[in-house]
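Welcome to this short tour. Open the structure in your viewer, keep the selection tool at hand, and follow the stops below.

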Amino acid sequence: MPAVEIDERSGFCFGVVTAIQKAESELDAAGSLYCLGDIVHNGSEVERLRRRGLRTISHADLEHLRGVKVLLRAHGEPPSTYATARRNGIEIIDATCPVVLKLQQRIKAAHDSGVPQIVIYGQRGHAEVNGLVGQTDGRAIVVEDAAGLDAIDFSRDIALYSQTTKSLEGFEHIAAEIRARLLPGARLTSYDTICRQVAGRVEHLRGFAASHSAVIFVAGAKSSNGRILYGHCREVNPATYLIAEPDQLQADWLRGADSIGICGATSTPRHLMEAVRARVFELLES
């Protein structure tokens, strides 16, 4: 039977761990709590906490709540969310990741100082990116790839930031593309604001994937970080398979493998990877 290994460095990042701990502490004390958006981009973990009393709400729901407690997840929120909470007498339990919070403050300071153009390399519509754009009164330009650069005025100075969970390689590519298009007199100042706890996983996971004949990557469908890390694993090992739940495993993927690696995103709980390992053994023994 092939060896089956769970990557010890995969799983929740610091920000997600803190958010879940804050949620569980309040649930232990009160039995219920609202959370603005999924606490983590993993359906299994969201369901586990729902059973404990965590109720996920939308921004539209927030407008109609009064006098309750609401947890803000690690992704962070724009200033408008805090304004709504104050107006409605809502107590905020703020679990914004410190790395994201620092980035919000930097972008707000740049905007307030009159930087002509603030560009954010990130996923349009992502919760963290929405929070960052909110620091600029909605004026920041969000760029997902080189195709989106046409929205920038290359005759004016540019300050470039990155969503904390994007790849360093992608950020450097965008910065190089902007520099190549700058018109005389315009200047680009780029700020590498990628979380090193996330960025440091890329090379580690590439090595992990290369060391196994088959790799099962576990991540929720909504996880931006999961798609990035999965792509890196698949680059070095084409026998890498993406699943969200153990029942998505296929026996054919494991056939003939000498060793099987299981890894995941920063939003993937350890207990889910362990459940995947148990399912791998079931399939190997059947």
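Begin with the open sheet, whose 4 strands are ordered S7-S6-S8-S9 with parallel pairing. Strands here are DSSP runs of E of at least two residues, helices are runs of H or I of at least four, and both are numbered from the N terminus. Two strands pair if DSSP finds at least two bridges between them. This is a predicted model, in which local features need pLDDT of at least 70 and side-chain atom pairs count only at pLDDT 80 or more, while totals for chains, interfaces and linings use all residues. Residues are numbered from 1 along each chain as its sequence is written, and side-chain values use heavy atoms, leaving out hydrogens and water.

Now select 141-143 and 188-190: these are S7 and S9, the edge strands, each pairing on one side only. On average, neighbouring strands of this sheet are turned by 25 degrees against each other, direction ignored.

Next, pick S6 (residues 117-121) and S8 (residues 158-162), parallel strands joined by 5 bridges. Click on Val-119 to find its bridge partner in S8, Leu-160.

Axes are lines fitted to C-alpha atoms, for helices over the stretch in contact (heavy atoms within 4.5 Å), and angles run from 0 to 180 degrees between N-to-C directions.

Finally, select H8 (residues 196-210) and H9 (residues 224-236), whose axes come within 8 Å and cross at roughly 35 degrees. Residues making this contact include Val-202 and Leu-205 of H8 and Leu-229 and Cys-233 of H9.
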